[in-house]
Structures are given as structure tokens and as C-alpha cells.
Amino acid sequence: MNGKMIKQYGRWLVVSLGLLCAPLAGADELIMVRVHSTFPETMTTLQEVIRKQGYTVSRVQRVDVGLTKTGYKTAEYRVVFFGKPKEIDELPSRYPKLAAYLPLKVTVIAERDETLLVSLNPILLGDFFLQPELKKTFAAWEKAVRNILDRVRMEEEGLIK
Amino acid sequence: MLRGHNLMYRILLLVVIAGLVQPVQAAVDGARLYTQNCAACHGAKGAGGVGVPLSLHDFLDSISDEYLRKTIRLGRPGRVMPAFRMLSDDDVNAIVQHIRSWGHKPERVHTAPVFSAQSVKGDALRGKALFAKNCASCHGANGEGGAGTGVTMSRPRNLPILAPALNNPGFLAAASDEMIKATLMKGRDNTPMASFLKQGLSEQDINDVVAYVRAYERSSGAKTAEVLTSESAVIVRESPYSVEETVANLKSTILGNNFRLIRIQPLDQGFVDKGKENKSRIMVYSCNFNFLNEALKVDPRVGLFLPCRVTVMEHKGKVLVMTVNPKRLSAIFNNSELNRLCEEMSKIYVEMLEEAVL
């Protein structure tokens, strides 16, 4: 290594170590999946898959309709709320602040003839709610959300039925 | 200086050791890794979305594998693109190979360009003036990049592709001077990024601009790389009123603040039979559509926390009013443009709650 290379490499190391230590978002705090299907098809499949995972869809919020009525241009944009009735009933009694994050939700965004699904990674709630007994619940939610989004993608690609 | 070197050798040693103990892996599937980690933003075949396009031939012809690898590892702090630290080197290489496969054309095999690590000599002060004149309109006055995300989808915007941030530490660490120079010389066809040789700059002008862009490294703490950190994940206040009264107060607060009331519903509506809902846990949804529209233009993912929701619930004889804390959540988007909006949102929430319990 000559002096110049050391300087170059050193500069890169310093910058990258700085970046690695920075408190920036990791790649994993949002779970996002792109689905090769139009918005209406994806909406239908998503709700079916949520139910197949043992969760209840409690509501679909049509955010786009409010925007359009107000005069803004937007593609289809909805939020699907879901959860397990027992958890929705019992968790807020023990952890009242957790209610601010319930029910769980997936945001559904049209991108031309494809659709984007976005959800908060529920495991992140473990940073907010430190009670050790909640860890298992958050891990189960993470697994469910990942399964749901992956299944929707694969069903729409014809990889599974 | 000596201490710096010492530290560097220690780091190098660590890197070498890490390399030695890494398990031998079976061939990794670049396509699968790309689908899992990148496709949501950059498109299944790299056409772009929340992220910028990666499959354009002119892009692939102007960037090195090293640039791709470092970009994946370091991300772009504050500019949406995450840092993928959990991927192994083999994973990263497999993704790079997959992206490269889009570069082939029927008439030619695509090979990755390699750039020397030599720095480009130029006059950064002259470059600054040239930048203001030729680049700032798209890349921002201080190289902070264009507003919004990746490519135009549903919302009107001035450029079809987002102009990346050039003052970003992730970009500066990944791009060599020679690579930046080549991009300026040749431009990228099918994107708004033109060849500045053809736009009338001389090679010396371009060197000066490169020197100016490189100088961003020294003006550390680029605003775009800032991530908000904050307190609690929930904003909560205790209400002296009953659940019903608190909800009524919220309703008038919402309307008084130019928000539109969307819906008032029990937390468990849709989970239990009609009529069986728990009336002591209520969610109040409201929205300011101007604000929502502005936020979605910046980053469509932010809709995850909109429309606004306030939850009112009875707990051990007390009535609590609460919302998520957007300021705490802003970091998960890795989008510094959202910081201001999230801070604004947090302020609005606090005001709403405090007015409702007054």
C-alpha cells in the first residue's frame, strides 16, 4: 500500500465507520413488499391472506377518497386494519399505551399496475414497550406480517395458491 | 496522525479476521435477495418506484461494482435508501451480479466499468459557482437532492426521476471522483441527467465541479443525513373528563383546528359482534388533507401513520388520551425531509390532546 492508497482507503474507512455507528434506520423497521398485481386484486388477496393467517380484518380505510374529494390527485391508497379479537381486547388492559398502536395495519399504495404494501415492523414495538413478556407477542406479529406480505406477493406471482 | 494509523491497522486486522472466520456459503441467489430487499422500492426489474431506477443501461455503464457494493452497505442516511448491514459479503455480491444482468443487450455483453481511485484535481471554488448555475436547480443549492422519492407515480412532480443527494455521506463514500466525473462527462440517457460536455462545460469546468462535490465531505453533518431522535413512542395525557366528554372535546378541537373529522369508533369495532363493542375505548380519526397531501408527496410510506388517530380509553379509573409520536417514528423512514413534517405532526397532536383535556 502506498501513502496515497492508505489515505484513500483510510478516508473511506473513516467515513464508513462513521456511517455504521450513526443512529440511522436499519433496513428492517418497515416491512415493504411490491406486488405484481393491480390495486383491486391485491386488496382482495391481502384481506383473504390476513384471514388465512388467523387474523380478523376490522376495517379498510379509503384514504384516497378523502384526498380526491378535497381536490388532490392521487392513486389508490388504503389502510387495512387487522388483529386478533382476544389481543385487541386484552392487551390494552395490561399495556394501555400499546392501544395507540392497535389495531395492526398495512398500507396499500398503487404504483401503476403494481401495488406496494407497507407495514411497521411490529418487532420495533419491543423498543417502545419494554415488558419482557411482550417480546413473544411482537415476534409473532412480525412473523405474521412478513408471512402475510410474502404470501400476497407470491400468490399474485402464481408461485403459490 | 500516528494514532490514526494505529487505529486503521487495527481495523484492517479486524476486517481480515472477519474475512477468515466467515463460513463458506453455498452460491447465493441474487434474484431472490434482490426481491426480498430491494424490489419494493426499486421495482421488480429495477424500473424504480420509491427508489430510483437501477436498470437503465446508461446508469449501469457509468457505475462500478464497488459503488453498488458500498451503496448497499452504507445506504443514504436521511434519503430513504437504507443501509443493509445484515447482508453477508456473498449476499451483496450476488445482488450486484443480479443488477448487472440487466445491463446486457442482445448485441453486446455488459461489463462493469472500473474507475481509478485517483482524486480529480479541480478548483472547488470555481466549481461552486458552476454548480449553482448548472446543477442546483435539480440537485439543490447545497447538493441536498431533489424533493420526494424515486420516480413519479401518482403525484405530479417536476422531474420524472428524483435527483439524488450529492452531499450525502453514503453517496460520497461510495462514489469515486472519477466515477462522478464520468457521469458528468457522459450524462445518463433516458434520465434528466445530461452530459455536461454537450451542455458546453469544458473538462476543466467538470473537474472543478467534481472538486466542489467532493468538498461536501468536509462540511460534515449534511442536513439531509439528520435523523430525529426523541423521547417516548406514545404521546399521552390524562383527562379529567369521562370518555364520552373527552371524545366530545376532541371533536370540537379537531374541527377548530381545520381538521376534518373522519370517524369515531370503538377500538374493537370489527373484532366483536355489532352492539358488543367496548364503549370505554374509542378511536377518533381525523385528517387535514392539505397536510396529508404534502406528506404523501414527500414520501408515500408516511401514510402508515395517517389519517390522524387519537385513542381515548379508560384505564384503572383514569381516562387516557393518546396518539403515536410521529417524532419518534420519523427515524424508521430514513427520510430527513419527513423530519419537519413529523415534528409538526407531533406538535399538532400535543396541542389537540392538551386542548381536549383542558
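Helices (H or I, at least four residues) and strands (E, at least two) are DSSP runs, numbered from the N terminus. By this definition, B:G146 lies in the loop between α8 (136–139) and α9 (169–174) of chain B.

## Basis of the report

This is a predicted model, in which local features need pLDDT of at least 70 and side-chain atom pairs count only at pLDDT 80 or more, while totals for chains, interfaces and linings use all residues. Residues are numbered from 1 along each chain as its sequence is written, chains are lettered from A and ligands numbered from 1 in the order in which they are written, and side-chain values use heavy atoms, with hydrogens and water left out.

B:G146 is buried at 12% relative accessibility; buried means under 20% relative accessible area, exposed over 50%, and partly exposed in between (1.4 Å probe, protein chains only). Contact means heavy atoms within 4.5 Å. Leaving aside residues up to four places away in sequence, B:G146 touches B:R79, B:C138, B:L162, B:A163 and B:E337.

## Chain A

Chain A contains six helices and five strands, arranged along the sequence as α-β-α-β-α-β-α-β-β-α-α. Of its 161 residues, 54% count as buried. Among contacts in chain A with a separation of 6 or more, 66% are between residues 24 or more positions apart.

A:S119 belongs to strand β5 (residues 114–120) of chain A and, at 3% relative accessibility, is buried. Residues up to four places away in sequence not being counted, A:S119 touches A:E29, A:L30, A:I31, A:K105, A:V106 and A:V145, together with B:L304 of chain B. A cis peptide bond, with omega about -10°, joins A:L102 and A:P103. A:P103 is found in the loop between α4 (85–94) and β4 (104–111) of chain A.

Chain B is divided into domain 1 (22–110 + 120–218) and domain 2 (234–356), with bounds that come from an automatic or database domain assignment. The domain centres, taken over C-alpha atoms, are separated by 38 Å. In the contact between these domains, 14 residues of domain 1 meet 12 residues of domain 2.

A nonpolar core is a set of buried Ala, Val, Leu, Ile, Met, Phe, Trp, Tyr and Cys residues joined through side-chain atoms within 4.5 Å. The largest such core has 99 residues, and those with the most contacts inside it are A:L46, A:L98, A:Y101, A:L125 and A:F129. Helix α15 (residues 336–357) of chain B gives the most to this core, with 10 residues. Domain 1 and domain 2 of chain B both give residues to this core, so it lies between them. A second, separate core of 43 residues includes B:V120, B:L166, B:M179 and B:M193. Residues up to four places away in sequence again being left out, A:F129 touches A:K97, A:L98, A:Y101, A:L134, A:F138 and B:V234.

## Helices of chain B

The axes of helix α2 (residues 30–37) and helix α6 (residues 89–100) of chain B come within 8 Å and cross at roughly 95°. Axes are lines fitted to C-alpha atoms, for helices over the stretch in contact, and angles run from 0 to 180 degrees between N-to-C directions. The helices α2(B) and α6(B) are therefore roughly perpendicular to each other, a term that covers angles of 65 to 115 degrees. On α2(B) the contact is made by B:G30, B:A31, B:L33 and B:Y34, and on α6(B) by B:D91, B:A94, B:I95, B:H98 and B:I99.

Helix α5 (residues 65–74) of chain B is mostly covered, with seven of its 10 residues buried. The buried residues of α5(B) are B:D65, B:Y67, B:L68, B:K70, B:T71, B:I72 and B:L74. B:G75, which follows α5(B), has a positive phi near 60°.

## Further positions in chain B

B:V80, in the loop between α5 and α6 of chain B, has a positive phi of about 75° although it is not a glycine. B:V80 is buried, with a relative accessible area of 12%. B:K316 is another residue other than glycine with a positive phi, near 50°; B:K316 is found in the loop between β4 and β5 (318–324) of chain B and counts as exposed at 75% relative accessibility.

B:T311 is placed in strand β4 (residues 308–315) of chain B and is buried at 1% relative accessibility.

Methods. Angles under 35 degrees count as roughly parallel, over 145 as roughly antiparallel, 65 to 115 as roughly perpendicular and the rest as oblique.
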